[in-house]
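Visitor: Hi! I'm new to this one, could you show me around?

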Amino acid sequence: MSNIIQLLPDHVANQIAAGEVVQRPASVVKELMENAIDAEASTIKLIVKEAGKTLVQVIDDGKGMSETDARLCFERHATSKIKSAEDLFQLNTKGFRGEALASIAAIAHVELKTRQEDDEVGTEIKIEGSEVTSQEICVTAKGTSICVKNLFYNIPARRNFLKSNTVELRHILDEFHRVSMAHPGIRFEMYHNGNEVFNLPQSNYRQRIVNIFGGKTNEKLVPVEEETDLVTISGFVGKPQFAKKSRGEQFFFVNDRFIKSAYLNHAVNSAFEGLLKEKTHPSYFLYLSVNPKCIDINIHPTKTEIKFDDEHSLYAMLRSTIKHSLGQFNVAPVLDFERDSSMDTPYDYKNKSVFTPTIEVDRTFNPFKENSYDARPQRTPSRSELSAPSTKEFPKYKKEPTANWENLYVGLESSLDEMKSGDKEEEESQDDFSSIQFESTAVTGSLFDEKENASLEKKDTYQLQRKYLVTTIKSGMVIINQHRAHERILYEEMLKNITMANAVSQQLLFPLLLPFSKQEIAILRNIQEQLENTGFVFGDVKEEELEIMGIPTVVTESEVSVLLEQLLSDIEHEVPDSGFSQTDLLAKSLAKSIAVKTGVHIEEAQQQYMVNSLFACTEPTITPDNKTTFITLTVDEIDKKF
Ligand code: ADP
Ligand code: MG
């Protein structure tokens, strides 16, 4: 039989390697920035267009490359960083595998300009799909600039696999944070679509963290410091009361390299034991420094996972160091949520001294677990219970006085039920849904006829328990979940507005100034157009502040900040591979936040309006999250119960 094994051509091998090293634009950002750090740059500029899909450029003022090296650097396994296998155990550089530039050049249009300090002129090389298309002498500043354009231009399947700009930009920001946080001694700048996103001067670790995550971060940090033979630990943990629902701000750096470690993360969490609200995660920025001999970085192509020789001791040390810091800074004793009835702490304590427990309103927290309700009738209802719903469509909703014990109870009880039943309820309602589907399609037409003929004086809708709307149809009755129905109505309206750009907005008398982190601002900028289509009018978009001049008519001014925060958190929690559509997510998130809550009284005219609007929807039977919006009960079914 003839021989069949062949060596793959280099450009194919490079493309395959690229699959491991370059998953998305953010991977290019990471590799290029790390190369700039290895080249001992003191300033690194990152320029990105369309979330890196069309351009990622990194400019550094490092040591540059000679003409020969400039050509060689795109070869596979071409590296200046190690010479022999022993060097793997003495690593002081980010790179060493010599495959990043080769991989990138196999799947993009790359332009390199580089000059060493003592050379008069530099070298410019253009390379596409591993083929050098031009090499020239050029005039350029000391250091290196690498432009990576049209990533995956020759692998359409991978290009199509890229997520929306919002998601890709978020990945880029994550990498930018990780790299810049590990190197506060280097100045970093970042631009996206021509806007400056970050300008981080040389500083220390603390200032760098604050410059990235915003001024408010400073007061949240508790320093952590420990030096042993095995490891030096430094950095910060966030005070427990600022723990978040998302795992956003959790960073381990080992020898200046960002790493992921579930094991060490567990160590940190266990140090926080008893100090956190349920389902919240502490933030941490921890810098470990260990002898390079004691770790193996080479187990992962992107080098984000590493192996420690003595993981157990490291775990124990980390845990006790953090516990000690939390105790020393007196954060531990005042924050025991389980034992303390600190839910009663007035909200305006929020900005007082460090030692005062500050309570963030936790919407999923269940105050009924341990305290009987009547012991605390003065509790202020949460925003959602109070939120004034849509001003245009439901101008006559009434907020019930909070002192009214029973009314408050009804609302809270039902939302509590909703919380408790959770998935179970969803399953059940799914069953209901399948059994009524046939019914509802048959019913919808006749429902409209009846509505049109119905005189307004005739009362044919009722509100039940401030949770359901009940109305009659020819064959029996319909029971509608008010919150879910409104969510569906608003969702379809938002979608329409975003795509047709025809929303009406209400001008604010005094513009709202809302603080956000730089990262949040970057995300908001990215969805600015869609948001404006829903009725938002933005004024100045500053580094850490957003000016809002107008808002959608269905929103009240007091809701805006919570609404945008919820939106940002939804974007953050969006699972990267779930077939994300930005418009859809935006519409869903806004609809959910704005929709009238359980527990709110609805006037009769609005009940009717809601019923009609629901059945005018394209998909009235379910919410955007596939939950049943209404059920029908036929006379036959009622008969059977007698
Ligand atoms: P590695 O970083 O693993 O060595 P790369 O493919 O990322 O592999 O880079 C190959 C080589 O190109 C590096 O070893 C370095 O010598 C050179 N190089 C890459 N980027 C730069 C830069 N910004 N400045 C100077 N030299 C660079
Ligand atoms: Mg490299």
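Guide: Happy to, and a definition comes first. On a 1 Å grid over the protein atoms alone, a pocket is an open set of points with protein on both sides within 12 Å along at least five of seven lines, a cavity is a set where a 1.4 Å probe fits but cannot get out, and lining residues have an atom within 4 Å of a point. This is a predicted model, where local features need pLDDT of at least 70, side-chain atom pairs count only at pLDDT 80 or more, and totals for chains, interfaces and linings use all residues. Residues are numbered from 1 along each chain as its sequence is written, and side-chain values use heavy atoms, with hydrogens and water left out.

Visitor: What classes of residue line the second largest pocket?

Guide: There are 15 nonpolar, nine polar and 10 charged residues. Here Ala, Val, Leu, Ile, Met, Phe, Trp, Tyr, Cys and Pro count as nonpolar, Asp, Glu, Lys and Arg as charged, and the others, Gly among them, as polar.

Visitor: You mentioned K81. What does its side chain meet in a salt bridge?

Guide: The side chain of D38, at 2.8 Å from N to O. D38 sits in helix α2 and K81 in the loop between α3 (67-72) and α4 (100-106), so to speak distant parts of the chain, 43 residues apart. A salt bridge is a side-chain nitrogen of Lys or Arg within 4 Å of a carboxyl oxygen of Asp or Glu.

Visitor: Is D38 buried or exposed?

Guide: D38 counts as buried, at 12% relative accessibility, while K81 counts as partly exposed at 25%. Buried means under 20% relative accessible area, exposed over 50%, and partly exposed in between (1.4 Å probe, protein chains only).

Visitor: How many salt bridges are there in the whole structure?

Guide: A search finds 12. Another one joins K518 and E543 at 4.0 Å, N to O. K518 is buried, with a relative accessible area of 6%, and E543 is partly exposed at 38%.

Visitor: Which residues are linked in a network of salt bridges?

Guide: E487, K592 and D625.

Visitor: New topic: how many cavities of 30 Å³ or more does the structure hold?

Guide: Five. The second largest cavity has about 100 Å³ of space. Among its 13 lining residues, K30, E34, V179, R257 and F258 are the closest to its centre.

Visitor: What gives the most to the lining of that second largest cavity?

Guide: α6 does, with four residues. By class, this lining has three nonpolar, two polar and eight charged residues.

Conventions:
Chains lettered and ligands numbered in written order. Points joined across faces, edges and corners; volume = space filled by probe spheres on them. Helix = DSSP H or I, 4+ residues; strand = E, 2+ residues; numbered from the N terminus.
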